[in-house]
Amino acid sequence: MKGKFCLSKTMVISMKINKESAASGVKNTATEEELKLINTYTRRTLKEDEVYVFSLTLCDNEVDRDHEVFSLNALNTLKELFVGKTGITDHDAKSKNQTARIFSTELQMLDGVNIIGERKARLNCKAYIPVTEFTKDVISRIESGILKEVSVGCSVKTSRCSICGKENCSHIKGRSYGGETCVRILDNADDAYEFSFVAVPAQRNAGVHKNFLNKEERNLTEIFKNLKEGESITLTYNEAMNLKKAAKWGESYRNSLVTSVKKACMMLQPEMDGEIMEEMALSLDIEKLVSLNKYYENELERKLPVKTQLAENLFKSAGEANADDGEFRI
């Protein structure tokens, strides 16, 4: 449908370790209830001392630095979607980098309302790491506070404007309209991918990486029509590839114009240095380059017209042939 799109969003957020310190004598081992949930993902039944359990905050519905905010509805859906998802390192999706798995989630309601008038909320979860030689270093870095941030990957179907409620409009994120700041509301979550331990600061400082997947690809004209001065725009992979292809064609066309101008200049002005002329042509924008090439084409046609060899004399006798055609006679 026109105007509908998916947003594949990888958001960098602060991971808050909600655990009691090992120094207090309380280890991060699973409770009996937690072990039951954890063992639904294992091939064999793990014991209490075989798993390390920790809690973290995945995301919330506060406005991020890209002026985007999850709806409460999106957080509720993500709460279900993130159950069972894996934890990796540095977004390297190789199976050997899997270190943890989420086994439960909770939507924590907070005091106050956010910028779009919804109650503030935070999506928390609990994850486990099997205690092995391979994971010992990861657990140690969590305990020591070195691993404190995670990046989560998820997707939503809609991103609408907080000013007009539309998905496609002329309002620009971050700008104020009648005293109200424009933000994009991310809604209708439809998938959750993973969370990753990364060396990136909290969401507000690190930003958001996103990829819009339009159900209907925009052409170059539509993209620039939607792109206003000072506004950013996110492209789908296909749109980016189409722009890259168009840029390649444009570069090829420009190069052909430069070559044409250089050749014409050398023919009309042999004393002119070809390299200097090429450098001058390269400094022109495309409109001026087209105009200069047209000028040289007209000059070539005027000063060095192309003469046909026999076409005008096909129906003339030898005696009627123009004397000027003598150089073409065989």
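Two strands count as paired if DSSP finds at least two bridges between them, and strands themselves are DSSP runs of E at least two residues long, numbered from the N terminus. You're looking at a predicted model, where local features need pLDDT of at least 70, side-chain atom pairs count only at pLDDT 80 or more, and totals for chains, interfaces and linings use all residues. Residues are numbered from 1 along each chain as its sequence is written, and side-chain values use heavy atoms, with hydrogens and water left out.

**Strand β7**
- β7 and β10 (residues 184–197) run antiparallel, joined by 11 bridges.

**The nonpolar cores**
- A nonpolar core is a set of buried Ala, Val, Leu, Ile, Met, Phe, Trp, Tyr and Cys residues joined through side-chain atoms within 4.5 Å.
- The largest one here has 32 residues, and F54, L58, F70, F82 and F195 have the most contacts inside it.
- Elements supplying at least two residues each to this core include β2, α2, β7 and β10.
- A second, separate core has 10 residues, among them L257 and L300.

- Skipping residues up to four places away in sequence, F195 touches (heavy atoms within 4.5 Å) F54, L58 and V152, among others.
- S71 sits in the loop between β3 and α2.
- S71 counts as buried because its relative accessibility is 1%.
- Beyond its neighbours within four places in sequence, S71 contacts E118, I185, L186 and D187.

Note on methods
Helices (H or I, at least four residues) and strands (E, at least two) are DSSP runs, numbered from the N terminus. Buried means under 20% relative accessible area, exposed over 50%, partly exposed in between (1.4 Å probe, protein chains only).
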